[in-house]
Amino acid sequence: MWFHVTNVGLHTVACLLFTRVCTSIAGLRPPFATAAGLLFAAHPVHTEAVTGIVGRADVLACVFFLVSLLAYHGHADGRCQVWTSVILGGLSMLAKETGVTVFILNLMYDLYRCWPFIRRTITDVRWNDETCRFARRAAKVLVSLGILLTVRLAMLQGSLPKFSQQDNPTAFHPSLYVRLLTFSYLAAFNWWLLLCPATLSHDWQMGSVPLLTSVTDSRNLVTCLFFGTALLIAYRSLQDFEQQRHVPLVLGLLLLVLPFLPAANLVVTVGFVVAERVLYIPSLGCVLLVAYGAQLLWTSLVRHRQTLVFIGILLLVGGCFRVIARNRDWQSRESLLRQVNFQQDLCYSNDTINHDGSEMHFKAGLMALPQNAKMHYNFANFLRDTDRPELAISHYHKALQLWPAYASAHNNLGTLMNNDEHAEHHFLAAIRYSGDHVNAHYNLGQLYRMLERCIRLEPAFTPAYLELVKLRGRQDFSVGSLLRKVVHLNSNDPHHITSYAEWLQEQGSHITAARYFWKTLEISPSYQPAILGACRILRLQGRHSQLLQLITRWHSVLRLQRGTLPLSPHVYLHGWQLKTELNSKARAYDPCPTLLCGRRCVPAHPRPIRLSNMHQHPHHAALHPACNRTTKAPKCFSTVRQCRLTRSRWHHKHQRPSSSFMVQNILDTV
């Protein structure tokens, strides 16, 4: 809401400044200057710039543009504030790149005003004071322009923006002949939008203006009419350099042509075909020429002044109603995009009319430009977001019919396909037309990630199943069937069998998980993940004797594999008991958050102390790095009764080691 109020306020300031320019610089009579300000305020082509927040750059640039022009030429006593005008022109350029043209306009209009003195200098071959002052002003303006352009290019990191073919198809056409005809027609088309803004749209890309491929195209007549009129006005302006009786004509032509040059694809390639908001500043020249023409007619046609007043009022009222209708188009995303062939959508669905009746006010993109592929694409996106997939699919197909290489349309259409083969076709088409289309690559990976397709081609391809497991996540119940299929395909692989058993254990199927753990141990008796998984299940079930047997068996297998004799199970129990008590005693003597173990200080949950080290160094001491003091390891108790007594005392002060810690201590024994 407030951004729109700000834009309207800036637009009002621009209208007042333009009225001031018409009176103080162009020399229009006050009634006609006021009429020019009103026509500029009610021009429908300004709706996009004033209504949208993106257009604020154009409105703000116009405000600085006009203030810079007034600072340079707007003083009645002939003073010229060059540096103030340069600063304001720089601000206009920072707001919008087209604002840089105010430097050229100021210089050209200064040349026009000083031409009699410059011509006298050329004929007399002698400098006069006025010519010297003009030369100094021109030097200041040109040097400032060069510095500002350098700074602007530095802000762009030394390179101009790059655009794609769908942004500006004409600029990427290989034929110079086609580019010349189309760009010339686009200039005439923009001029026609200023004179008759009947067809307006927020997006003119992708087929909105078809290319001119032949000189016999009827649209070339519009081009000839425009350039003929422009040349006639330019010739009349050059004739006026001597007498300077038609100042509004010269200033209006400069305001119309110079600010439009950056968007004409003559100097640099731009990323649009037609953009209404870039016509905000050039419309100053168009309105000034119309107001000056009305002033001339008012002087020459005295008997028809009432007719001229009626035409002027009709223009103002028509412009106001067109602005109101255009603002209604900009009320929402749907109303801006829709303006579709209403009966066509009724054929697709009977549910297209919203409950609030807003569909009856759709007067934007598609009705104005039914051949605009991007408009169909944007409206299809809106339909998809509002849960109308059938209509969305139809508009995606229409966009692809108008622009077959539209990668984003292929990608979004693929997301609505229920058939995997059709979705795959559109994702691959998007990648083919745009190799760096990230969403298409991602959606194709979501579709099969070379998985479901690989499974259909090769049902025994295990990596495809494993990737699907990663894609769906272990919390998905469908993962169980995938892992079971992997186990079936790899019945002798302990890793896959253990992975399935661990998933079963996570789901709470402990009995089935234990069966697969035992199956893994039959294949590989020393496979540690299976041993640990089986130990966890036995511990949860309270089967401690079988837990001891399993661990003893595992250690026996390991020792046999190493070529050493297996030890008695009581050795493992006694070793684990000693290590637990020694760790507990170390905590009792050392209140610090770290415990001494061996010859170094470790955290409060240390690794088990090696029995060999404890027997060799029962009373050793080490420097504690955290508290900078020496801590002694406790003596081992000689009797089981003392061990039990100490353990019971310790239990009231500290938690007993967890079962997983106990199992890990048993596993690390020997």
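## Basis of the model

Residues are numbered from 1 along each chain as its sequence is written, and side-chain values use heavy atoms, with hydrogens and water left out. Because the model is predicted, local features need pLDDT of at least 70 and side-chain atom pairs count only at pLDDT 80 or more, while totals for chains, interfaces and linings use all residues.

## Helix H25

Helices are DSSP runs of H or I with at least four residues, numbered from the N terminus. Helix H25 covers residues 494-506, 13 residues in total, and spans 18 Å from its first C-alpha to its last. This is close to the 18 Å expected at 1.5 Å a residue, where the expected span is 1.5 Å times one less than the number of residues. After H25 comes Gly508, whose phi is positive, near 95°.

H25 is mostly covered, since 10 of its 13 residues are buried. Buried means under 20% relative accessible area, exposed means over 50%, and partly exposed lies in between (1.4 Å probe, protein chains only). Among the buried residues of H25 are Ile497, Tyr500, Trp503 and Leu504.

## Cavities and pockets

Both kinds of space are found on a 1 Å grid over the protein atoms alone: a cavity is a set of points where a 1.4 Å probe fits but cannot get out, and a pocket is an open set with protein on both sides within 12 Å along at least five of seven lines. Lining residues have an atom within 4 Å of a point. Grid points are joined across faces, edges and corners, and a volume is the space filled by probe spheres set on the points.

The model has three cavities of 30 Å³ or more. The second largest cavity holds about 70 Å³, and its lining includes Phe183, Leu186, Phe260 and Phe272. This lining consists of 10 nonpolar residues, two polar and no charged. Here Ala, Val, Leu, Ile, Met, Phe, Trp, Tyr, Cys and Pro count as nonpolar, Asp, Glu, Lys and Arg as charged, and the others, Gly among them, as polar.

The second largest pocket has a volume of about 1,200 Å³. Its lining has 40 residues, and Glu97, Thr98, Pro262, Val268 and Val270 lie nearest the centre. Helices H6 (101-113) and H8 (129-155) each supply at least two lining residues, and H8 gives the largest share, four residues. By class, the lining of this pocket has 24 nonpolar, eight polar and eight charged residues.

## Salt bridges

Side chains of opposite charge can pair when their charged atoms come close. A salt bridge is a side-chain nitrogen of Lys or Arg within 4 Å of a carboxyl oxygen of Asp or Glu, and the model contains seven salt bridges. In one of them, the closest N and O atoms of Arg277 and Glu48 are 2.9 Å apart. Arg277 lies in the loop between helices H11 (247-257) and H12 (282-300) and Glu48 in helix H3, so the pair ties together parts that are 229 residues apart in sequence. Arg277 is partly exposed at 25% relative accessible area, whereas Glu48 is buried at 5%.

Another salt bridge joins Glu242 and Arg119 at 3.1 Å, N to O. Glu242 belongs to helix H10 and Arg119 to helix H7, so this pair links parts 123 residues apart in sequence. Arg219 and Asp217 also meet in a salt bridge, at 3.0 Å.
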